[in-house]
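User: I would like to learn how to read a few local features in a structure. Please take them one at a time.

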Amino acid sequence: MRESLFNLLENTGSLSTEAVIIRLFAAFVISIFIFISYRLSHNGSIYSSKFNVSLVTLTIITTTVMIVIGNNIALSLGMVGALSIVRFRTAIKDSRDTVYIFWAIVTGICCGAGDYLVGAFGSAMIFLVLLIFGRIKNDNRMLLIVRTARINDQKVEALIFSYYDKKAILRVKNTTEDSVEFIYELSRKTMDRVKSDKTITEAVYEIGNIEYFNIVAQNDEISS
């Protein structure tokens, strides 16, 4: 019984040098598609070239680990134990980055196990999905930020209500002894549909005693 268990733990798959090179090369080729997909679906300040290069490296590293582990149960258990104590504290700015990390890992596992077709076709499908939907941004929300004297409290609220009715939601109202600050949230469509001879900016400043009035478009490049 002990000998059988020992043989099972020591069971390793022998790979030729050619097979190792092919698996690593396949991982590199597919990781280039991951690199291109990330570059196409990210633009502006949210794009990180270092993170993109890390995705290519992560794919090759995962493939290498899979080649080393093979069907060796002892190495598999040791690798799981080693990875369980690693803590990753890198902040993810975009939820799509998590998808790319899993994509790189899964591709590395497929190539390391020799399932090139699974890795290639799976990556092709993910590439098409991210190419089509990857540029979707959450930039539909607008913020109106007004800071004025406290005597204009009701005037500002009445003005915003007259322009946007109940579609402008009051999110924050900060007050001091002398001033008050409003932060309204509304959609871009609601803001564009307003028909008036005066813009909202002109109407706000006509109230008087306005310290500042800001219009902010919330999108993926503005991290909270």
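User: In which loop is D165 found?

Analyst: First, the ground rules: this is a predicted model, in which local features need pLDDT of at least 70, side-chain atom pairs count only at pLDDT 80 or more, and totals for chains, interfaces and linings use all residues. Residues are numbered from 1 along each chain as its sequence is written, and side-chain values use heavy atoms, with hydrogens and water left out. Helices (H or I, at least four residues) and strands (E, at least two) are DSSP runs numbered from the N terminus. D165 lies in the loop between α7 (153-164) and β2 (169-175).

User: How many residues does α7 have, and which of them are buried?

Analyst: The expected span of a helix is 1.5 Å times one less than its number of residues. α7 has 12 residues and spans 17 Å from first C-alpha to last, close to the expected 16 Å. Its buried residues are D153, V156, L159, I160, Y163 and Y164. Take the directions from the helix axis to the C-beta atoms: the buried residues of α7 fall within an arc of 140°, so they line one face of the helix. The face turned away from that buried side carries the exposed residues Q154 and S162.

User: Why do residues three or four places apart point the same way in an α-helix?

Analyst: Because an α-helix has 3.6 residues a turn.

User: What do the buried residues of α7 pack against?

Analyst: Counting contact as heavy atoms within 4.5 Å, they pack against β1 (141-149), β2, β3 (179-187), α8 (188-192) and α9.

User: Which residues touch the most other members of the largest nonpolar core?

Analyst: In soluble globular proteins, nonpolar side chains tend to be buried together. A nonpolar core is a set of buried Ala, Val, Leu, Ile, Met, Phe, Trp, Tyr and Cys residues joined through side-chain atoms within 4.5 Å. The largest one here has 19 residues, and L144, I160, Y164, L186, M191, I200 and V204 touch the most other members. β1, α7, β3, α9 and β4 each give two or more residues to this core, with α7 giving the most, 5 residues. Leaving out residues up to four places away in sequence, M191 touches M142, L144, Y164, L186, I200 and I215. A second, separate core of 10 residues includes F51, L55, Y100 and L130.

User: How many aromatic pairs does a search of the whole structure find?

Analyst: Rings of Phe, Tyr and Trp (its six-membered ring) pair if their centres lie within 6.5 Å; planes under 30 degrees apart count as stacked, over 60 as edge-to-face and the rest as tilted. The search finds 6 pairs. For Y38 and F51 the centres are 5.3 Å apart and the planes at 45°, so this pair is tilted. Y38 is in helix α2 (residues 17-41) and F51 in helix α3 (residues 49-69), 13 residues apart. Y100 and W103 form another tilted pair, with 5.7 Å between centres and 35° between planes. Ring pairs link Y38, F51, Y100 and W103 into a cluster.

Note on methods: Buried < 20%, exposed > 50% of the residue type's maximum accessible area, 1.4 Å probe, protein only.
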